[in-house]
Amino acid sequence: MWCSFTTLSKSSNWGVVLCNNNIYSDFICSSLCVSTHQTSPFLWYFYSALPRTLLCAIPLSVMGLVIDKKMWTLFMPAVGFVLLYSFLPHKELRFIIYVIPVFNAIAGRGLAHVRTLFSAG
C-alpha cells in the first residue's frame, strides 16, 4: 500500500512514472563525488561544532572539571562519544547533540562555584 502511495505521489510531483527508489540510490551510488560530498575534517566537532554550540559554557565547563573531580565521570564518556563520531566523514551537529546537556551540567557546576565566590565576598 505504501509503495503504491509513494509511487503515485512521486509520479504526480515529477510528472514521470517512478516505480521504485532505485533511481535515487543509483544516482547516489554512481555519483563520483559521493565520498567527498559534505565531509569535514576529523576534529571538526571539537574546533567548530562544540565551540559554536556551547559558547560561554566552555570556560565554565573547564572550571567545573577543575573544581569537582566527579565531573570527569560525565566528561570522559561524552568526549569519547564525540571522538567516535569524528571518524565518520559526514559530520552534522545533530549527531552529537546528545552531549550538549552533559557539557551544560558540568558548566552548571562551574557556575555554582562562581556564584559561591561572589556571594561569599
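## Salt bridges

In this predicted model, Glu92 and Arg94 form a salt bridge in which the closest N and O atoms lie 2.5 Å apart. Side chains of opposite charge can pair when their charged atoms come close.

The search of the whole structure returns 2 salt bridges. Besides the pair Glu92 and Arg94, there is a salt bridge between the side chains of Asp68 and Arg109, with an N to O distance of 3.4 Å. This pair connects distant parts of the chain, 41 residues apart: Asp68 sits in the loop between helix 4 (57-67) and helix 5, and Arg109 belongs to helix 6 (residues 100-120). Asp68 counts as buried because its relative accessible area is 14%, under the cut-off of 20%. Arg109, in contrast, is partly exposed, with a relative accessible area of 29%.

## Overall architecture and confidence

The protein chain contains 6 helices and 0 strands, and its pattern along the sequence reads α-α-α-α-α-α. Of its 121 residues, 24% are buried. Among contacts between residues at least 6 apart in sequence, 69% join residues at least 24 apart.

The mean pLDDT of the protein chain is 85, and 73% of the residues score at least 70. Confidence is highest in helix 5 (residues 72-85), with a mean of 97, and lowest in helix 2 (residues 22-30), with a mean of 60. Where pLDDT is low, the predicted coordinates should not be read in detail.

## Helix 3 and its buried residues

Helix 3 (residues 44-54) has Trp44, Tyr45, Ser48, Ala49, Leu50 and Leu54 as its buried residues. These buried residues pack against helix 4, helix 5 and helix 6. After helix 3 comes Leu55, which has a positive phi, near 50 degrees.

Ala49 is located in helix 3 and is buried, with a relative accessible area of 2%. Leaving aside residues up to four places away in sequence, Ala49 touches Trp44, Leu93 and Ile96. The C-alpha atom of Ala49 is separated by 8.2 Å from that of Glu92, although these residues are 43 residues apart along the chain. Glu92 is also the salt-bridge partner of Arg94.

Helix 3 packs with helix 5 at an angle of about 115 degrees, and their axes are 10 Å apart. The crossing of this pair is right-handed. On the side of helix 3 the contact is made by Tyr45, Phe46 and Leu50, and on the side of helix 5 by Val79, Val82, Leu83 and Tyr85.

Helix 3 also packs with helix 6, at an angle of about 55 degrees and with the axes 11 Å apart. Helix 3 is therefore oblique to helix 6, and their crossing is right-handed. Leu50, Thr53 and Leu54 of helix 3 make the contact with Ile100, Phe103 and Asn104 of helix 6.

## Packing of helix 5 on helix 6

The angle between helix 5 and helix 6 is about 150 degrees, and their axes are 10 Å apart. The two helices are therefore roughly antiparallel to each other, since the angle is over 145 degrees. Their crossing is left-handed, whereas the crossing of helix 3 and helix 5 is right-handed.

Helix 5 contributes Leu74, Phe75, Ala78 and Val79 to this contact, and helix 6 contributes Val102, Phe103 and Ile106.

Terms used: Residues numbered from 1 in each chain as written. Predicted model: local features only at pLDDT ≥ 70, side-chain atom pairs only at ≥ 80, totals over all residues. Heavy atoms only, no water. pLDDT = per-residue confidence, 0-100. Helix = DSSP H or I, 4+ residues; strand = E, 2+ residues; numbered from the N terminus. Salt bridge = Lys/Arg side-chain N within 4 Å of Asp/Glu carboxyl O. Buried < 20%, exposed > 50% of the residue type's maximum accessible area, 1.4 Å probe, protein only. Axes fitted to C-alpha atoms, helices over the stretch in contact; angles between N-to-C directions. Parallel < 35°, antiparallel > 145°, perpendicular 65-115°, else oblique. Left-handed = near helix turned anticlockwise from the far one by under 90°. Contact = heavy atoms within 4.5 Å.
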